[in-house]
Amino acid sequence: MSSNLHVRRAMWAELIHEVQTVQAISTAAVEAKSDESRTALLKLLEAETAEVVALVHEVGRDYSSPASAAS
């Protein structure tokens with residue numbers, strides 16, 4: 001059970017980190033001086049957003065699993 005809690009905390013920490021990364025990239029894209037830089041940042045933002053979505057799905061699966069309800 002303690003291991004499961006550790007895994008959940010690690011998943012949440014990773015999710016928070018990814019959201020902060022998305023925020024930083026978004027700010028950088030808005031402030032980009034050239035279209036090339038903005039385009040590169042927007043592509044990176046798209047990839048980071050996909051990671052956030054995957055983590056949200058993983059966290060959702062973890063909380064909806066029968067093992068989670070028993071702990």
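The side chains of R38 and D35 meet in a salt bridge, with 2.9 Å from N to O. A search of the whole structure finds 1 salt bridge. The model is predicted. The protein chain has 3 helices and 0 strands.

**The salt bridge**

- Side chains of opposite charge can pair when their charged atoms come close.
- R38 and D35 are 3 residues apart in helix α2, so about one helical turn separates them.
- R38 is partly exposed, because its relative accessible area is 27%.
- D35 has 58% relative accessibility, so D35 counts as exposed.

**The chain as a whole**

- From the N terminus on, the elements run α-α-α.
- The protein chain has 71 residues, and buried residues make up 21% of them.
- The accessible surface of the protein chain comes to about 5,200 Å². Carbon and sulfur atoms account for 62% of that surface.
- Take the contacts in the protein chain with a separation of 6 or more: residues 24 or more positions apart account for 66% of them.

**Helix α2**

- Helix α2 covers residues 35-64, which is 30 residues.
- How far apart are the end C-alpha atoms of helix α2? They are 43 Å apart. At 1.5 Å a residue, the helix should span 44 Å, so the two values agree.
- The buried residues of α2 are L45, E48, V52, L55, V59 and D62.

**The nonpolar core**

- In soluble globular proteins, nonpolar side chains tend to be buried together.
- Which residues form the largest nonpolar core? There are 6: L15, V22, I25, L45, V52 and L55.
- Helices α1 and α2 are the elements that give two or more residues to this core.
- V52 belongs to this core. Leaving out residues up to four places away in sequence, V52 touches L15, E18, V19 and V22.

**A buried charge: E18**

- E18 sits in helix α1, which covers residues 2-31.
- Is E18 buried or exposed? E18 is buried, yet E18 has no salt bridge.
- The nearest side chain of opposite charge is R61, 15 Å away. A salt bridge needs a side-chain nitrogen within 4 Å of a carboxyl oxygen, so R61 does not pair with E18.
- Which residues does E18 touch, not counting those up to four places away in sequence? They are E48, E51, V52 and L55.
- Among these contacts, E48, V52 and L55 are also on the list of buried residues of α2.

Key: Residues numbered from 1 in each chain as written. Predicted model: local features only at pLDDT ≥ 70, side-chain atom pairs only at ≥ 80, totals over all residues. Heavy atoms only, no water. Helix = DSSP H or I, 4+ residues; strand = E, 2+ residues; numbered from the N terminus. Buried < 20%, exposed > 50% of the residue type's maximum accessible area, 1.4 Å probe, protein only. Contact = heavy atoms within 4.5 Å. Areas by Shrake-Rupley, 256 points an atom, 1.4 Å probe, with all protein chains shown as cover. Lys, Arg positive; Asp, Glu negative; His and termini not counted. Expected span 1.5 Å × (residues − 1). Core = buried A, V, L, I, M, F, W, Y, C linked by side-chain atoms within 4.5 Å.
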